[in-house]
Amino acid sequence: MMTKKILLSFPQKATGQPMAMELIKTYHLDFNILKAYIDDNVKGTLLLEIKGEEADIEAGIVFLRQNQIGVKDIQSIVEVDEKKCVSCGACTAVCAVGALEMTDDWSLVHHDDKCLECLLCVKACPMRAIHAII
Amino acid sequence: MAKTYQEINEKIARGEAVVVTAEEVIDIVKERGVKEAAEYVDVVTTATFGPMCSSGAFLNFGHSDPPIRMGEITMNGVEAYGGLAAVDTYLGATQPSQDKGIEYGGAHVIHDLIAGKEVHLVAKSQGTDCYPRKELDTWVKLEDLNEAYLFNPRNVYQNYNAAINASSHRMYTYMGILQPNMGNITYSTSGELSPLLNDPLLKTIGMGTRIFFGGAQGHVSWMGTQFNTACPRDDKGYPQTPGATLALIGNMKEMNPKYIRGAVYEGYGTSMFVGVGIPIPILNEEIMAFVSVENKDLYTNVIDYSVPKKAKPSLKKVSYAELRSGSVDINGKIIKTSPLSSLKMAREIAEELTNWIKKGEFFLQEPIQSFPMGNAIKGLEIKEGESR
Ligand code: SF4
Ligand code: SF4
């Protein structure tokens with residue numbers, strides 16, 4: 001068994017519900033909807049945590065892609081915009097788990113595997129370079 | 001052997017000047033000693049890139065037809081000062097916008113202008129015989145303006161406090177977010193690369209000094225506000241508390257938006273990141289000794305920002321080497337430290353200034369007036385009584 005976090009983006013016509021039933025039935029995958037965002041006319045976004053055998057997860061992802069659903073592996077919903085970031089370090093002050101850190105040459109690095117998604121850093125960044133992707 | 005400004009400028013013109021950054025010079029002095037290093041090196045570059053609230057721009061829009069004497073002025077919804085002549089204004093960096101508040105303020109307008117973007121200008125007036133127009137609503141770009149120059153009354157602080165919060169609630173300050181119960185420490189300096197820490201007694205930096213300012217060649221125009229050369233110093237002369245400051249001037253039309261950026265401090269307000277680089281001519285051994293200072297020898301105080309008084313207590317005196325190490329020990333508690341100014345960008349600015357000088361594009365300007373030493377700052381007394 002393994003757990004994986006994926007971000008799905010689907011066109012309006014491909015609704016989430018029947019896909020989800022398919023995933024459970026055919027691929028024996030458990031999932032949790034962590035976040036959902038539906039943009040009225042354009043598209044929807046779903047952040048899922050899926051649990052199952054590795055081969056089943058992979059087959060499930062292929063199935064989703066075949067149905068015009070974008071699938072992205074993610075570790076954290078927190079993203080740092082490198083063009084806006086000036087490596088000042090203000091965000092590292094609030095990151096309790098060390099997911100945001102200064103490297104030896106004083107650039108900012110985001111270890112997304114450590115991130116707890118507390119989103120404190122979003123408000124701490126004076127350049128507004130950090131945002132949650134969903 | 002002492003050098004003069006003129007001799008160094010002649011070397012720059014011939015492409016022979018030896019120019020290094022204030023970080024690089026440390027090893028040169030260790031290897032060669034102060035005397036030999038002073039003969040070898042001609043210019044040492046210093047730089048900083050951090051939040052500097054006391055900043056803003058003087059702008060002249062030119063006259064419309066019919067003309068207006070602008071009284072109330074906004075630029076992208078940010079109020080600019082209407083108390084100058086008809087179409088002159090001063091746009092302050094920390095002024096919030098009427099619609100977006102501190103998320104978009106004067107500093108962001110200044111950045112957008114430098115980036116070449118169109119800015120929405122709205123002005124109102126009473127109308128006068130000579131300036132009949134009462135309203136104006138248009139879009140302007142930096143290139144459309146007659147004059148546009150930054151005039152920042154207080155930049156490049158010579159040393160600044162580190163901040164901590166001993167209270168039980170989180171604080172939102174201009175020193176960033178301070179976690180409760182001494183959860184973290186923030187500090188803002190480029191330390192051994194910082195301009196005024198490399199010339200602690202202002203032997204070479206004075207009125208008229210030519211500088212790197214937001215990507216343009218600007219000048220030191222005056223002593224900065226809250227100029228405190230009477231601050232406590234160590235036995236070599238380096239300030240141990242906030243000391244001197246500089247007022248800077250430079251042409252916005254020659255600036256690079258990378259080095260002038262709007263900033264937002266949650267729960268506090270808008271500020272502006274300003275990129276400044278100052279060259280220090282190595283005129284003699286004394287100046288070389290000053291620029292070879294290291295972070296381990298530069299000290300500041302960790303100040304408790306939770307005390308709502310002007311005089312806040314210091315919990316510890318720490319060196320910049322300790323602050324840069326990532327944590328500081330206060331009474332047995334290991335406390336994480338975080339920077340607020342960008343050393344990475346400061347290094348980039350020092351490199352760029354170094355290249356300008358090496359290529360013969362930037363020459364040193366000897367100050368036309370030195371700044372006073374022993375200048376203390378005053379507080380503001382609250383006096384009772386409505387009329388006097
Ligand atoms: S606070 Fe923002 S600009 Fe500063 S290092 Fe973090 S992400 Fe970059
Ligand atoms: S969301 Fe929280 S844990 Fe993740 S990087 Fe930001 S502050 Fe750190």
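The model is predicted: local features need pLDDT of at least 70 and side-chain atom pairs pLDDT 80 or more, whereas totals for chains, interfaces and linings use all residues. Residues are numbered from 1 along each chain as its sequence is written, chains are lettered from A and ligands numbered from 1 in the order in which they are written, and side-chain values use heavy atoms, without hydrogens and water.

## Aromatic pairs

Over all chains there are 14 aromatic pairs, that is, Phe, Tyr or Trp rings (for Trp the six-membered ring) with centres within 6.5 Å; planes under 30 degrees apart count as stacked, over 60 as edge-to-face and the rest as tilted. One of them is the tilted pair of A:Y27 and A:F63, with 5.7 Å between centres and 40° between planes. Because A:Y27 belongs to helix α1 (residues 16-27) of chain A and A:F63 to helix α2 (residues 54-66) of chain A, this pair ties together parts 36 residues apart in sequence. Both A:Y27 and A:F63 are buried.

B:F58 and B:Y149 likewise form a tilted pair, at 5.7 Å centre to centre and 40° between the planes. This pair links strand β3 (residues 56-60) of chain B, which holds B:F58, to strand β11 (residues 147-155) of chain B, which holds B:Y149; the two residues are 91 apart. Helices (H or I, at least four residues) and strands (E, at least two) are DSSP runs, numbered from the N terminus.

## A ring cluster and charges over rings

In chain B, ring pairs connect B:Y157, B:Y160, B:Y174, B:Y268 and B:Y305 into a cluster. Over the face of B:Y305 lies B:K312, 5.9 Å from the ring centre. The charged end of B:K317 is placed over the ring of B:Y299, at 5.3 Å from its centre. A charge sits over a ring if NZ of Lys or CZ of Arg is within 6 Å of the ring centre and within 35 degrees of the ring normal.

## Strands around β4 of chain B

Strand β4 (residues 72-75) of chain B runs antiparallel to strand β9 (residues 119-124) of chain B, joined by four bridges; strands pair if DSSP finds at least two bridges between them. B:K124 in β9(B) is the residue opposite B:E72.

β4(B) is also joined by three bridges to the antiparallel strand β5 (residues 78-80) of chain B, where B:E79 stands opposite B:T74. The two strands form a hairpin with two residues between them, and B:N76 in the turn has a positive phi of about 50°.

Technical notes. Buried means under 20% relative accessible area, exposed over 50%, partly exposed in between (1.4 Å probe, protein chains only).
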